[in-house]
Amino acid sequence: MARIRRSNHSIEHQSTKGHSTESETIKTLRLQLREARKSDLADFHEMLSSGDVMRYWAWPTHTSIDETKSYLNDMIASTTNGDMEFAIVLPAPMPVDRFSTAVSKDKVIGTAGIWDEATGEIELMLHRDSWGQGYMSEVLTTLIPRFWQKGLQKVIADVDPRNKGSIKLLNRFGFVETRREKNTFETDIGWCDSVFLELWRPERGV
């Protein structure tokens, strides 16, 4: 659910500057939003190597950990990492009782935010096991006001027209379709089209 495509040129665009190691963690009702970290590699690979998650993405499913490492390193190097682009973290569950010896840890279940500050293009990804639970709505409710506070005038999204769930989600938050293009990306499922949507900053700001 809510798999919005990140363009192939993102790596070149986003690796031109370093990013501060100081970053806040934003808490929503059930989740945490924070910067991507090298220790997230296994969780990222679990998502990026999933055919379900990557079906409407901008490039084919990852087949090696090195592909994911390159992706993650570029996200970490991005000037938006931890500022307007975040890893979505599901906190580890609390032990059922104080005598429990079970070990659990926080898990990255997706990404969300602005990966290209110049254009205001958004990226959303969610682990297959986390679909249908309202997580991305929770994330967007928190992040959209932040985008306006950071000075963005509009947010744009590039979505495969077949990705009905993502389009419905964006429409619910006020995104409107502006145009469509044919054969914009070639992925596991062949050549894919794009529908572009935009959300403009409220007239009075936030």
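**Reading the terms against the values**

Mentor: The structure holds three aromatic pairs, where rings of Phe, Tyr and Trp (its six-membered ring) pair if their centres lie within 6.5 Å, planes under 30 degrees apart counting as stacked, over 60 as edge-to-face and the rest as tilted. This is a predicted model, in which local features need pLDDT of at least 70 and side-chain atom pairs count only at pLDDT 80 or more, whereas totals for chains, interfaces and linings use all residues. Residues are numbered from 1 along each chain as its sequence is written, and side-chain values use heavy atoms, with hydrogens and water left out.

Trainee: Why is the pair of Phe44 and Tyr71 called tilted?

Mentor: The ring centres of Phe44 and Tyr71 are 6.2 Å apart and the planes meet at 45 degrees, so the pair is tilted. This pair links distant parts of the chain, Phe44 in helix H2 (residues 41–48) and Tyr71 in helix H4, 27 residues apart. Helices (H or I, at least four residues) and strands (E, at least two) are DSSP runs, numbered from the N terminus.

Trainee: What makes the pair of Trp59 and Tyr71 edge-to-face?

Mentor: The centres of Trp59 and Tyr71 are 5.8 Å apart, with 65 degrees between the planes, which is the edge-to-face case. Trp59 lies in the loop between H3 and H4 and Tyr71 in helix H4, so the pair ties together parts that are 12 residues apart in sequence. Ring pairs also link Phe44, Trp57, Trp59 and Tyr71 into a cluster.

Trainee: How do you know whether Trp59 is buried or exposed?

Mentor: Buried means under 20% relative accessible area, exposed over 50%, and partly exposed in between (1.4 Å probe, protein chains only). Trp59 has 13% relative accessibility and therefore counts as buried. Tyr71, with a relative accessible area of 6%, is buried too.

Trainee: Why is Arg55 called partly exposed?

Mentor: The relative accessible area of Arg55 is 31%, so it is partly exposed. Arg55 sits in the loop between helix H3 (51–54) and H4. Its C-alpha is 9.5 Å from that of Asp160, although the two are 105 residues apart in sequence.

Trainee: What makes the approach of the side chains of Arg55 and Asp52 a polar contact?

Mentor: A polar contact is a pair of N or O atoms within 3.5 Å; within protein, one must be able to donate a hydrogen and the other to accept it, and residues adjacent in sequence count only if both atoms are side-chain atoms. The side chains of Arg55 and Asp52 make such a contact at 2.8 Å. Glu123, in strand S5, has a side chain joined to that of Tyr71 by a polar contact of 2.5 Å and to that of Thr111 by one of 3.4 Å. Glu123 has 1% relative accessibility and therefore counts as buried.

Trainee: How do you know that the span of helix H4 agrees with its number of residues?

Mentor: The expected span is 1.5 Å times one less than the number of residues. The 13 residues of H4 (residues 65–77) should span 18 Å, and the end C-alpha atoms are 18 Å apart, which agrees. Its buried residues are Thr68, Tyr71, Leu72, Asp74 and Met75. They cover an arc of only 160 degrees around the axis, which puts them on the same side of H4; the arc is that of the directions from the helix axis to the C-beta atoms.

Trainee: What makes H5 mostly covered?

Mentor: Of the 15 residues of H5, 11 are buried, among them Leu140, Leu143 and Trp148. H5 (residues 135–149) reaches 22 Å from its first C-alpha to its last, close to the 21 Å expected.

Trainee: Which residues touch the most other members of the largest nonpolar core?

Mentor: A nonpolar core is a set of buried Ala, Val, Leu, Ile, Met, Phe, Trp, Tyr and Cys residues joined through side-chain atoms within 4.5 Å. In the largest core, of 32 residues, Ile88, Ile122, Met136, Val139, Phe147, Val155 and Phe175 touch the most other members. H5 gives the largest share of this core, eight residues.

Trainee: How do you know that S3 and S4 pair?

Mentor: Two strands pair if DSSP finds at least two bridges between them. S3 and S4 run antiparallel and are joined by six bridges; Ile88 has Gly110 in S4 as its bridge partner. S4 and S5 also pair in the antiparallel sense over six bridges, and Gly110 stands opposite Leu126 in S5.
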